Amino acid sequence: MGEMASDRINNDYLSIRLQTYESPVWQELIVPGLAYISPTTLSLFYEQASEQMEIGLQTDSIAYNGVIIDDLNFALSGDNDAFNMQFGSGEVSAGPLALYEPAIGIIIDNDTAYTNILVKDSIGQASFVLSTQLNKKDSSFYLHINADTLLLSGDAWQVSPDNYLLIQKNNITVNNFLLRNQEQALRVNSIQDRRDSLLVSFE
């Protein structure tokens, strides 16, 4: 089923590397719905002094509940000050839907989360690109789409630089959310003094 190597020193340092092999046990007992998983490498590192943690996962193919993920690479790291997650794959497919070379990156630093998403088309060109910034202030959250990075179906879209989505308890406010591509445009704004009401216009 697999093998594991570990190294631990004075309870201050932990390093584990697990290498699995193909085995029906994964499908039948451990992960219900898992149709197939290729040999997988899982690594874990933790250092108590710096409170630093790192997790890594690599495998060639996973089939789970009709979803197939090829060339999976996952990395997670963090300490007291920051958190970093990276996900990448050669292809993710489910029936007729296929995402080529999807990559997701999330960095959390203090009260701000930065997210970057990239998906390519079948010939390796960037098809979808989205970068966002999520800030926490008191009990409110501000979500902002970076104005210079949005790509939809391979086309660059302009985004108003002052756009944001304000998420509060029992209320969501949209401020100047404008998407534009040549003659096409979509604008969304909250209506002042009317909770949960939006004004949507197309051009």
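Helices (H or I, at least four residues) and strands (E, at least two) are DSSP runs, numbered from the N terminus. The structure is a predicted model, in which local features need pLDDT of at least 70 and side-chain atom pairs count only at pLDDT 80 or more, while totals for chains, interfaces and linings use all residues. Residues are numbered from 1 along each chain as its sequence is written, and side-chain values use heavy atoms, with hydrogens and water left out.

Strands of a sheet pair through backbone hydrogen bonds, either parallel or antiparallel. Two strands are taken to pair if DSSP finds at least two bridges between them. Strand S9 (residues 97-109) runs antiparallel to strand S7 (residues 82-88), to which seven bridges join it; within this pair, Ala-82 has Asp-109 of S9 as its bridge partner. A hairpin with two residues between the strands is formed by S8 and S9, and Gly-95 in its turn has a positive phi of about 65°. Eight bridges connect S9 with strand S10 (residues 112-120), again in the antiparallel sense. Asp-109 has Thr-112 as its bridge partner in S10. The hairpin of S9 and S10 has two residues between the strands, and Asn-110 takes a positive phi near 60°.

Two residues of S10 were examined individually. Thr-112, which lies in strand S10, is buried (under 20% relative accessible area, with exposed meaning over 50% and partly exposed in between; 1.4 Å probe, protein chains only), because its relative accessible area is 13%. The side chains of Thr-112 and Asn-135 are joined by a polar contact of 2.8 Å. A polar contact is a pair of N or O atoms within 3.5 Å; within protein, one must be able to donate a hydrogen and the other to accept it, and residues adjacent in sequence count only if both atoms are side-chain atoms. Leaving aside residues up to four places away in sequence, Thr-112 touches Ile-107, Gln-133, Leu-134 and Asn-135, where contact means heavy atoms within 4.5 Å. Leu-118 is likewise placed in strand S10. With a relative accessible area of 28%, Leu-118 is partly exposed. Its contacts, not counting residues up to four places away in sequence, are with Glu-101, Pro-102, Ala-103, Ala-126, Phe-128 and Val-129. Leu-118 and Leu-151 are separated by 33 residues in sequence and by 9.0 Å in space, C-alpha to C-alpha.

Another set of four strands forms an open sheet in the order S15-S18-S19-S20, with antiparallel pairing. Strand S15 (158-159) and strand S20 (198-202) are its edge strands, each pairing on one side only. Strand S18 (residues 177-181) and strand S19 (residues 184-190) are paired over five bridges, and Leu-178 has Arg-187 as its bridge partner in S19.

The largest pocket has a volume of about 280 Å³. Of its 14 lining residues, the closest to the centre are Ile-37, Thr-40, Leu-57, Ile-62 and Leu-72. At least two lining residues are supplied by each of strand S2 (13-20), strand S3 (34-37), strand S4 (40-47), strand S5 (52-64) and strand S6 (67-78). A pocket is an open set of points on a 1 Å grid over the protein atoms alone, where a 1.4 Å probe fits, with protein on both sides within 12 Å along at least five of seven lines; lining residues have an atom within 4 Å of a point.

Methods. Points joined across faces, edges and corners; volume = space filled by probe spheres on them.
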